[in-house]
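Here is a short briefing on a protein model. Look at the structure first, then work through the points below.

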There are 2 protein chains.
Amino acid sequence: MSLTDAAPAEAARSAKAASHIMATLTADERNDALLSMHNSLAAARDAILAANAKDLALAQREAAEGRLNPSLVSRLDLGRKGKWEDMLQGILDVRALPDPVGRVVLRTRLDDGLVLERVTCPIGVLLVIFEARPEVLANIAALAVKSGNAALLKGGKESTQTMLTMATVLANALGKSSAVPAAAVQLVTRRDVVQELLALDRDIDLVVPRGSNELVRSIKADTRIPVLGHADGLCSTFIDTGVVDAAQAASLLLDAKTGYPAACNSLETLLVHEAALSEPAFAAAASALLSAGVTLRCDETSKAALLALSLDEVAQAKIVDAVDDDFDTEFLSLDLAIKVVPSLDAAIAHINAHGSHHTDAILTPSEAHAEKFMDAVDSAGVYWNASTRFADGMRYGFGTEVGISTNKIHSRGPVGLEGLTIYKYKLRGSGQAAGAYGEGKKQYKHESMAL
Amino acid sequence: MSLTDAAPAEAARSAKAASHIMATLTADERNDALLSMHNSLAAARDAILAANAKDLALAQREAAEGRLNPSLVSRLDLGRKGKWEDMLQGILDVRALPDPVGRVVLRTRLDDGLVLERVTCPIGVLLVIFEARPEVLANIAALAVKSGNAALLKGGKESTQTMLTMATVLANALGKSSAVPAAAVQLVTRRDVVQELLALDRDIDLVVPRGSNELVRSIKADTRIPVLGHADGLCSTFIDTGVVDAAQAASLLLDAKTGYPAACNSLETLLVHEAALSEPAFAAAASALLSAGVTLRCDETSKAALLALSLDEVAQAKIVDAVDDDFDTEFLSLDLAIKVVPSLDAAIAHINAHGSHHTDAILTPSEAHAEKFMDAVDSAGVYWNASTRFADGMRYGFGTEVGISTNKIHSRGPVGLEGLTIYKYKLRGSGQAAGAYGEGKKQYKHESMAL
């Protein structure tokens with residue numbers, strides 16, 4: 001770990017060189033470094049929280065004067081109940097995960113004395129760009145070290161003092177005895193270099209943004225380096241006809257919409273089969289959502305169906321006309337767009353056209369409908385009778401979450417540590433030439449071997 | 001299959017819609033389509049070869065007048081011995097491969113009645129850009145159909161007549177009875193639309209270039225869509241000290257350099273440990289290479305060592321001084337750059353700095369050196385005592401090769417059918433809400449289940 005004020009190209013070059021050393025470290029060496037990181041941060045608690053208090057005071061002033069979003073201030077606060085402990089525990093949790101590196105995933109005997117292995121290995125150099133939350137620094141440094149990657153960290157300016165103190169502490173800790181080279185994890189302190197960093201596609205292999213949709217969107221637009229993440233989370237659920245347990249459907253949809261409206265896996269669009277409009281599940285769900293304060297932005301048909309229910313005035317006032325844009329909007333608030341569709345196919349087509357390929361669900365008693373939905377909907381998560389809110393690395397049992405990806409290659413959906421790895425082919429021979437094989441010559445055995 | 005003169009955006013949109021149907025087809029439906037494609041091409045042999053003869057005649061005229069590279073003319077010729085049969089057999093070979101789609105690669109019981117699966121699925125829409133070889137059309141259409149992807153095909157203008165005829169034949173065949181929608185595989189006939197296609201990152205998920213380094217390089221520079229492939233294949237081999245079997249080393253290096261000099265997996269740089277300069281393996285290898293007509297572009301130390309051998313005048317004339325650029329050059333010819341390095345670490349550093357991350361080898365009796373080399377060299381293929389020429393999907397036993405990738409995410413090295421797939425998470429529940437789980441509430445089981 002180190003702090004660097006070097007020019008971005010130089011920082012990236014030194015990170016790349018360090019990545020080649022990281023790739024040779026044993027799991028024990030990487031885990032020892034994680035323990036040092038944890039212990040040094042724990043020992044420096046007071047200094048870090050004092051630095052954090054300075055950042056916080058400045059941010060509060062900025063917020064009071066209207067120059068900073070107040071929600072950012074609370075995210076900055078490392079002193080909030082449990083946050084410090086969670087950050088430290090997070091390092092130990094990452095340390096306890098199985099080693100993602102060096103797993104042999106394919107082993108083939110090409111010939112006697114000529115064995116091919118596909119082995120997982122680090123990707124190389126990560127560029128992590130994050131906003132105010134200073135605990136991301138510890139989290140992402142831990143993920144990088146665990147997965148054997150080098151990383152350049154560029155944090156939001158609001159947490160400058162906290163980050164500088166944390167990075168100094170970590171640099172001292174790792175500098176002493178660790179096998180992890182100092183240049184392997186670098187906090188980039190130079191200002192206004194994000195554009196320059198994003199141009200370094202020769203030395204930086206993957207960008208991991210941690211922050212708002214706007215941050216991710218602007219990064220994706222500005223770089224040729226692959227970006228692991230998602231800009232949008234426009235999740236939909238389709239209520240098919242024949243749903244029997246109305247209370248269950250209502251509680252599932254309430255969870256999906258109101259559990260944490262600002263989350264990327266929250267429900268934004270509800271599609272209803274036209275034959276389900278008059279069924280109890282839809283009415284129960286709508287009532288529950290209205291009672292929870294959700295504004296229902298309805299197309300004409302669904303609005304008419306809802307107004308026919310005997311709802312009180314408060315509820316009725318929350319049933320409003322949808323505009324076209326509502327079906328392309330990630331509200332991140334207590335708003336839900338509702339549209340009636342004539343068929344399963346129409347629901348699938350709507351989601352593929354208007355969704356964000358994040359997570360989409362169908363509520364149906366029909367296995368055939370569910371399976372077709374799950375095959376045809378082109379999203380990272382496709383659910384049958386479950387809330388979209390399950391889309392999460394911890395809930396999936398991955399132990400950690402690097403991000404949720406809507407990419408169509410490499411990693412998709414909630415991404416665990418393995419998203420920070422790739423593989424290489426190791427071929428161990430005994431002097432073979434490829435030209436010795438072929439018609440009328442030696443033949444390949446291509447025997448699959450035990451892993 | 002269809003031919004389209006539509007605007008690129010429209011073609012891509014219809015391909016995307018077709019991809020959602022492709023994703024629901026069974027393996028039998030996709031394999032039936034492949035059989036139809038094979039049979040229809042076989043039946044239309046005369047018409048296709050007649051069209052090919054027209055392309056060929058035009059190209060020969062262009063080449064004679066110096067407007068076309070003559071090597072391109074022979075690549076155009078579908079009538080060359082075995083080429084037609086190979087093309088047809090290739091479709092059947094792809095058809096016979098295991099289904100890459102629908103494989104469950106992870107299954108976890110999150111809770112009773114709540115099972116998570118990670119299932120392989122097609123990526124979506126491929127854009128395949130290829131040069132003169134018309135057989136690529138059949139090959140890539142087969143790979144796309146087998147893997148459940150939609151594809152836009154854009155071929156070089158030199159094979160226009162052949163491609164139009166083939167695509168028409170395929171369109172008729174698939175149109176009749178196939179479950180594969182016409183828009184799933186489209187030959188783009190409109191001229192000069194490559195730039196436009198490369199801009200369609202919303203509907204096109206992956207670009208697969210088939211052609212020269214220049215083609216790949218220009219595509220990579222011009223698009224934000226992920227590109228599966230490699231621009232360069234600058235492969236190196238390091239002769240460590242202590243290699244005993246000089247004849248074997250010579251034959252391996254001869255294979256690597258001269259087996260097919262224009263191939264991306266051919267040897268371009270030979271690194272020699274300074275202590276190996278006086279060992280028999282180096283002398284034997286150099287003599288063999290010189291005898292085969294290879295020009296050795298040597299640094300000072302290796303040149304001095306070679307000139308001290310008793311070589312004839314013809315051989316001596318092929319020992320020339322290297323310039324710096326030689327160590328960054330993919331010669332694709334009977335030229336080899338030779339450099340002396342003081343250590344294993346120096347060899348690793350040279351390869352990581354000057355190589356193309358394709359395939360690199362070490363010749364050494366030391367297992368420790370070999371393992372360190374294979375961990376530290378950041379290439380798709382890292383070999384111990386084997387020729388770099390083994391880097392090939394067929395030699396690896398993959399049954400087919402979509403390309404060789406030097407990317408650091410998704411697919412690396414020789415890429416088989418699985419490189420055209422990604423995965424999605426299917427979650428089958430029974431009405432669960434995510435908010436029901438947590439501290440003091442229901443607990444996740446996270447039981448790993450049999451696949």
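A polar contact is a pair of N or O atoms within 3.5 Å; within protein, one must be able to donate a hydrogen and the other to accept it, and residues adjacent in sequence count only if both atoms are side-chain atoms. A contact of this kind, at 2.8 Å, joins the side chains of B:Lys408 and B:Asp378. This is a predicted model: local features need pLDDT of at least 70, side-chain atom pairs count only at pLDDT 80 or more, and totals for chains, interfaces and linings use all residues. Residues are numbered from 1 along each chain as its sequence is written, chains are lettered from A and ligands numbered from 1 in the order in which they are written, and side-chain values use heavy atoms, with hydrogens and water left out.

**B:Lys408**

- B:Lys408 lies in the loop between β15 (403-405) and β16 (413-415) of chain B. Strands here are DSSP runs of E with at least two residues, helices are runs of H or I with at least four, and both are numbered from the N terminus.
- Is B:Lys408 buried or exposed? Its relative accessible area is 10%, so B:Lys408 is buried. Buried means under 20% relative accessible area, exposed over 50%, and partly exposed in between (1.4 Å probe, protein chains only).
- The side chain of B:Lys408 also reaches across to chain A, where the backbone oxygen of A:Ile123 is at 2.7 Å.
- Contact means heavy atoms within 4.5 Å. Not counting residues up to four places away in sequence, B:Lys408 touches residues including A:Lys16, A:Asp205 and A:Ile422.

**A sheet with strands from two chains**

- Eleven strands form an open sheet with mixed pairing, in the order β18(A)-β2(A)-β3(A)-β17(A)-β14(B)-β13(B)-β8(B)-β9(B)-β12(B)-β10(B)-β11(B). Two strands pair if DSSP finds at least two bridges between them.
- β18 (447-448) of chain A and β11 (319-321) of chain B stand at the edges, each with a single partner strand, so one side of each has no neighbour in the sheet.
- Where do the chains meet in parallel pairing? Strand β17 (residues 421-432) of chain A pairs in the parallel sense with strand β14 (residues 381-386) of chain B, over five bridges.
- Within β14(B), B:Val382 is the bridge partner of A:Lys426, and B:Ala386 stands opposite A:Gln432.
- β17(A) also pairs with strand β3 (residues 114-122) of chain A, in the antiparallel sense over eight bridges. Here A:Leu116 stands opposite A:Leu427.
- Ten of the twelve residues of β17(A) are buried, so β17(A) is largely enclosed by the rest of the structure.

**Helix α10 of chain B**

- Helix α10 (residues 246-258) of chain B has 13 residues, and at 1.5 Å a residue it should span 18 Å. The expected span is 1.5 Å times one less than the number of residues. The end C-alpha atoms are 18 Å apart, which agrees.
- At the start of α10(B), a side-chain oxygen of B:Asp245 comes within 3.4 Å of the backbone nitrogen of B:Ala247.
- Buried residues in α10(B) include B:Leu252, B:Leu253 and B:Asp255.

**Chain A overall**

- Chain A has 15 helices and 18 strands.
- Of the 451 residues in chain A, 58% are buried.
- The C-alpha atoms of chain A fill a box of roughly 75 × 75 × 35 Å, taken along the principal axes.
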